[in-house]
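Me: I would like to go through the contacts in this model one at a time, setting each value against the rule that names it.

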Number of protein chains: 4
Amino acid sequence: MAARRPVDPRRKPVQQRAQETVDVILKATAQVLVKEGYDKATTNRIAAAAGVSIGTLYQYFPNKESLVVALSRRHTDEMMKLLSGMIVDLRDAPPRQATRALIKAMCDAHAVDPALHKVLVEHLPQATFFERIHDVGHKAHQIVRHYLEAHRERIIPQDLDMAAFLVVTTVEATTHAAVLQRQDMLLNDDLVDQITRLVHQYLFVADPS
Amino acid sequence: MAARRPVDPRRKPVQQRAQETVDVILKATAQVLVKEGYDKATTNRIAAAAGVSIGTLYQYFPNKESLVVALSRRHTDEMMKLLSGMIVDLRDAPPRQATRALIKAMCDAHAVDPALHKVLVEHLPQATFFERIHDVGHKAHQIVRHYLEAHRERIIPQDLDMAAFLVVTTVEATTHAAVLQRQDMLLNDDLVDQITRLVHQYLFVADPS
Amino acid sequence: MAARRPVDPRRKPVQQRAQETVDVILKATAQVLVKEGYDKATTNRIAAAAGVSIGTLYQYFPNKESLVVALSRRHTDEMMKLLSGMIVDLRDAPPRQATRALIKAMCDAHAVDPALHKVLVEHLPQATFFERIHDVGHKAHQIVRHYLEAHRERIIPQDLDMAAFLVVTTVEATTHAAVLQRQDMLLNDDLVDQITRLVHQYLFVADPS
Amino acid sequence: MAARRPVDPRRKPVQQRAQETVDVILKATAQVLVKEGYDKATTNRIAAAAGVSIGTLYQYFPNKESLVVALSRRHTDEMMKLLSGMIVDLRDAPPRQATRALIKAMCDAHAVDPALHKVLVEHLPQATFFERIHDVGHKAHQIVRHYLEAHRERIIPQDLDMAAFLVVTTVEATTHAAVLQRQDMLLNDDLVDQITRLVHQYLFVADPS
DNA sequence: TATGAATGAGGTTTCATTCAT
DNA sequence: AATGAATGAAACCTCATTCAT
């Protein structure tokens with residue numbers, strides 16, 4: 001097994017100014033990643049975009065990977081925050097509202113920075129990848145799984161694990177694709193309504209709710 | 001607009017031996033891409049894996065990108081062939097069979113070489129990407145769209161374009177994810193059954209079929 | 001038209017040390033060009049001769065051609081400086097002195113670094129070539145042309161343009177050849193005297209001066 | 001000293017067809033050298049231009065240099081032929097006619113293939129260079145030198161060697177430059193007249209001839 | 001004799017990273 | 001803390017040349 005390289009920030013910025021520098025560097029990283037693509041995102045270009053010297057960049061990040069990892073942490077933290085709100089709402093909500101809440105939350109989460117999300121998903125090395133980005137999917141899977149178990153009596157599919165897998169995959173893919181390719185569909189609630197019906201009819205027995 | 005670099009093969013192999021060499025190089029490209037990842041897939045490594053000299057590689061491919069493009073053409077051609085079979089089956093099939101056929105075909109298409117498919121999807125430059133890989137999705141979208149229009153009277157969703165988008169995205173994402181992450185689910189027909197029901201209930205009014 | 005590659009220096013050195021490095025690299029370029037010839041003057045060899053790493057060389061020059069172009073700019077600037085001095089001397093000088101001044105200036109200009117001059121003249125791509133090196137000849141042509149017009153009444157040839165062409169070509173070729181092949185002839189003033197008479201008798205009607 | 005590589009043709013073509021092949025290859029070499037420049041004149045490109053395979057080219061020429069050398073031999077042979085005619089004419093001609101003949105011959109010689117001449121002069125390695133191309137200048141120098149000695153009593157310059165150097169350099173440079181840059185001047189005899197007077201007045205004491 | 005596939009040394013160039021200032 | 005000059009391994013790619021067919 002290859003030796004893992006350090007990915008943690010090199011030094012904790014304590015001063016106000018230093019914290020701002022880190023912020024500027026990460027913002028520049030995101031911008032360059034999205035605008036120029038992963039291959040063109042060299043450390044020198046990022047430093048230039050941030051308006052700091054390459055030396056300064058290496059004061060805070062020991063290598064290029066650590067930059068991307070730090071950025072992905074920030075990004076997934078934001079997505080997670082939105083999904084966490086959902087957990088609370090979901091707990092005891094009736095099926096249709098729960099489904100809607102899941103989809104809404106997924107839309108919001110993917111709307112944080114869809115282009116950056118795409119680049120990060122595609123280019124983070126697998127290890128780091130699972131560690132952070134896939135957490136979003138993984139967390140969603142667990143939430144859904146628990147919900148299904150709690151409402152087992154109303155659920156059509158027998159295999160709850162497979163059902164959770166299908167639901168999460170479907171919701172994630174459709175919201176992600178919509179955000180990336182069909183932003184026009186997000187202007188009103190039609191798309192959310194449709195996905196809701198797609199999932200709801202699959203999961204739940206007919207119900208007057 | 002940035003100048004596009006050439007991606008077309010440099011010289012058509014005329015001798016038998018040369019055709020074999022091209023084949024060996026592309027097979028090595030696929031292997032290295034999958035096993036080592038895009039960034040580690042250097043032309044020298046590919047040439048070594050193919051057992052030819054670096055010069056031989058450049059006899060047939062003008063640059064690294066052209067290698068990947070040629071490989072993606074082969075790959076998408078194979079996927080397309082499987083999807084094309086579907087068109088015929090779909091034409092006049094009743095809803096449930098048509099849905100099943102779509103999902104089966106998608107599963108088969110993604111099963112061609114899922115790991116390679118993932119690398120190609122993630123790393124092909126956008127322009128080339130849309131030209132070939134996305135063709136698969138695009139073609140599927142059109143097939144489904146036509147089918148929905150032909151059976152409009154039985155379809156629940158009003159917006160057929162959105163419906164086609166949701167169905168294709170869902171089927172593609174779930175089959176792709178299953179192939180990549182949950183190959184255990186593909187051993188029997190359970191997953192296909194589930195996806196079929198997911199899509200069928202969404203699209204079609206209840207029917208004794 | 002083929003796309004021109006960049007030839008301008010990549011980064012303006014701001015620190016003292018960097019300016020010295022650029023200087024060292026250009027000096028090494030000249031040395032290697034002269035001693036080894038154009039084809040053997042690889043960037044690696046130049047970097048080695050300069051005692052810097054290949055990466056340092058590419059910090060300041062985006063490609064090999066830009067190195068040669070920068071060097072030719074330096075070289076022609078020096079030659080031009082010497083010719084510019086001539087303009088002043090020539091203005092109102094009587095024929096014989098003017099002729100002598102022209103030849104002297106040409107000798108001095110070609111003596112700057114004759115071996116380098118030869119390599120540059122022979123290998124610079126045409127576009128760049130005309131832009132800089134040929135400027136020397138072009139400038140000389142215009143100076144002579146103006147002088148001839150100003151003294152038309154004493155000039156034998158009718159076609160002043162052709163006369164200027166002949167004079168400049170002759171003076172340039174003879175001084176250049178002398179500097180390159182017959183440096184012994186430059187030890188005293190004999191050669192300059194001879195060229196002076198060659199040109200003077202051709203241009204001017206007999207005169208007691 | 002570096003070991004000299006063979007430059008002689010590898011095998012004397014004996015059959016009719018083989019002789020034609022050699023001819024085609026050399027013509028292609030000249031064409032590519034002139035149209036594409038020395039650097040772009042690769043052996044593969046030359047073979048392609050000649051319509052033969054690279055292997056065939058190497059049947060007749062052991063390496064690239066030998067190609068260029070063979071071409072330069074052909075070229076200088078043609079130029080020499082034109083100059084040789086001059087020798088006879090010159091022998092006992094009176095000064096003005098002799099001068100004119102020299103200049104005419106030089107014009108003719110440089111008109112053989114001026115663009116090719118330029119490429120060859122600039123790129124042939126020095127050793128080969130002096131051996132063949134400079135022979136033209138050298139031969140001209142000797143002819144002129146002999147003529148001057150034979151007519152010493154009418155010659156103004158004392159140093160006949162220097163005079164011959166000046167005359168040959170001047171005539172060569174002006175005819176060469178005219179052929180390359182000012183072909184319009186060659187349409188009538190004006191230029192030849194002017195060069196003739198330039199040289200004649202320099203060399204010879206006034207004479208009623 | 002002719003072919004063209006194959007070779008690989010060696011060229012140009014990039015970019016993550018270090019370190020003296 | 002910040003700078004930016006310097007590094008060099010390693011990437012991409014070319015082209016003179018060989019050799020099996």
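**Contacts between chains and between domains**

Reply: Arg182(B) and Asp161(A) form a salt bridge, with 2.5 Å between the closest N and O atoms. This is a predicted model, in which local features need pLDDT of at least 70 and side-chain atom pairs count only at pLDDT 80 or more, while totals for chains, interfaces and linings use all residues. Residues are numbered from 1 along each chain as its sequence is written, chains are lettered from A in the order in which they are written, and side-chain values use heavy atoms, with hydrogens and water left out.

Me: Why is the pair Arg182(B) and Asp161(A) called a salt bridge?

Reply: The term requires a side-chain nitrogen of Lys or Arg within 4 Å of a carboxyl oxygen of Asp or Glu. The closest N and O atoms of Arg182(B) and Asp161(A) are 2.5 Å apart, so the pair meets the rule. Across the interface of chain B and chain A the rule finds two salt bridges, and there are also six residue pairs in polar contact, both residues at pLDDT 80 or more (a pair of N or O atoms within 3.5 Å; within protein, one must be able to donate a hydrogen and the other to accept it, and residues adjacent in sequence count only if both atoms are side-chain atoms).

Me: Which element gives the largest share of the side of chain B that touches chain A?

Reply: That share, 10 residues, comes from α9(B), where a helix is a DSSP run (H or I, at least four residues), numbered from the N terminus.

Me: What makes up the area buried between chain B and chain A?

Reply: Buried area is the accessible area (1.4 Å probe) that two parts lose on being put together, summed over both. For chain B and chain A this comes to about 2,700 Å², with 67% from carbon and sulfur atoms. On the chain B side, Met162(B), Phe165(B) and Leu198(B) lose the most area to chain A, together 21% of what that side buries.

Me: How much area do domain 1 of chain A and domain 2 of chain A bury between them?

Reply: The two domains bury about 730 Å², 73% of it on carbon and sulfur atoms. Leu26(A), Val34(A) and Tyr38(A) supply 59% of the area that domain 1 of chain A buries against domain 2 of chain A, more than any other three residues.

Technical notes: Helix = DSSP H or I, 4+ residues; strand = E, 2+ residues; numbered from the N terminus.
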